[in-house]
Amino acid sequence: MRFCPFAQRTLLVLQAKGIRHEVVNINLKNKPEWFFKKNPLGLVPVLENSQGQLICESVITCEYLDEAYPGKKLLPEDPYEKACQKMTLELFSKVSSLMGRLIMLQQSKGDSSGIKEELQRELNKLEEVLTKKTTTFLGGSSVSMIDYLIWPWFERMEVLQFDEYMAQTPKLKLWMAAMREDPAVKALLLDGKNFKNFLKLYFQNSPEACDCGL
Amino acid sequence: MSADATRTLRKGSCPPGPVPEGLIRVYSMRFCPYSHRTRLVLKAKGIRHEVVNINLRSKPDWYYTKHPFGQIPVLENSQCQLVYESVITCEYLDDTYPGRKLFPYDTYERARQKMLLELFCKVPHLTKECLVALRCGRECTDLKASLRQEFSNLEEILSYQNTTFFGGDHVTMVDYLFWPWFERLDVYGIADCVDHTPKLQLWTAAMKRDPTVCALLIDKQIFLGFLNLYFQDSPNAFDFGLIC
């Protein structure tokens, strides 16, 4: 689905590795029955190959693509460096759910001060990683898997103008600017207006939401 | 005597020295299911290692330099590299050390094992909640029903695959990653949660015949002794059953 951050992870990896692929968008507010045969939970993203093999869960799809296809390896070969990327992803794990809740509260005009503090704390943890590593990207001096896995949420932060958080995290701000120069990121950039319209329609449970802007 | 039969290090203790060359250290606790995963992999692959047990109710200050929140398991090697999160430690060991590969070679089969792990993800929390409820004299019918549902999902996988183990006809990584919670069902008092899942019962029996699982099997009386002391908030719980 064009606005789903989890599916965007998979699309970023497909793009970054130059993998020939086709996209089938699913209306998440009106799921086709056949989609539950692809994933019993009815969630995107799902990969399907010509042998009928199905892979679910965004992180698992990304690792699968990196292993199965040649070209630039997005995960490091070194087992310790690979483990470090996974530990960093664990640090990020609260950010996606906090952002989801923040967006929901924004839409319903609820009080989001508590969540904002929590989100800032989690972002500070990622800032610490960049500070320790002294590199531009989270996995080293060039873009790698961990950067793509967390990018979709930072892209949405920018679109929704959550700028206040970046004041305490200058390295993350620089990282975001560097990510915006990445070809794969550029190729999949969200249209800000479409995304905001999507959010509005999505929270109204409109079946038109997922096709916003087409 | 098993490799991890040593007293826990607690607050006020001196930090252990650097890890000797040729060895890997795991910070652990004899009854913790998460560090049990790591110890299973170390054993299955025949990796030379040392175990440092941590007193989880009285953690040494130095332990927070190994893990920001003082959790176990943590691996430390002779280059002072630290790896934590039980699943990440198991993958790291399988990647780093030669010999028996616990994850399949096939890319798709590897992805399948990771998807199975996702299917299992509610089990640890539910088993712990059942244990706490029972120990505190609360009823846990709903919790057990939820756990039974999770087990039914796993039963379906075994039925569909028609294999003894979750990864096929031999024990692989995913089996070891599930095992610690199934070993604890009896001692937690919830063994009846697999009453309706015959394939899961067969899997449990087959796992108990696995040499690695056997070598690390925790004595039931010792485990019960630990649980009794743990729920009395005793800091000595973690060392229960040690001879010296």
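This is a predicted model: local features need pLDDT of at least 70, side-chain atom pairs count only at pLDDT 80 or more; totals for chains, interfaces and linings use all residues.

Author: The secondary structure of chain B comprises nine helices and four strands. Along the sequence these elements are arranged as β-α-β-β-β-α-α-α-α-α-α-α-α.

The overall dimensions come next. The C-alpha atoms of chain B occupy a box of roughly 50 × 45 × 30 Å along the principal axes. The radius of gyration of chain B is 18 Å, in agreement with the value near 18 Å that a compact globule of 244 residues would have. Among the contacts in chain B with a separation of 6 or more, 71% join residues 24 or more positions apart.

Chain B carries 29 positive and 28 negative side chains, with the centres of the two sets 5 Å apart.

There remains the contact with the partner. Chain A contributes 18 residues and chain B contributes 18 residues to the contact. The area buried between chain A and chain B is about 1,700 Å², and carbon and sulfur atoms give 67% of it. On the side of chain A, the three residues A:Ile60, A:Tyr80 and A:Met87 supply 32% of the area that chain A buries against chain B, more than any other three residues.

How values were computed:
Residues are numbered from 1 along each chain as its sequence is written. Chains are lettered from A and ligands numbered from 1 in the order in which they are written. Side-chain values use heavy atoms; hydrogens and water are left out. Helices (H or I, at least four residues) and strands (E, at least two) are DSSP runs, numbered from the N terminus. The radius of gyration is taken over C-alpha atoms; the globule rule is 2.2 Å times the number of residues to the power 0.38. Contact means heavy atoms within 4.5 Å. Lys and Arg count as positive and Asp and Glu as negative; His and the chain ends are not counted. The place of a charge is taken as NZ of Lys, CZ of Arg, CG of Asp or CD of Glu. Buried area is the accessible area (1.4 Å probe) that two parts lose on being put together, summed over both.
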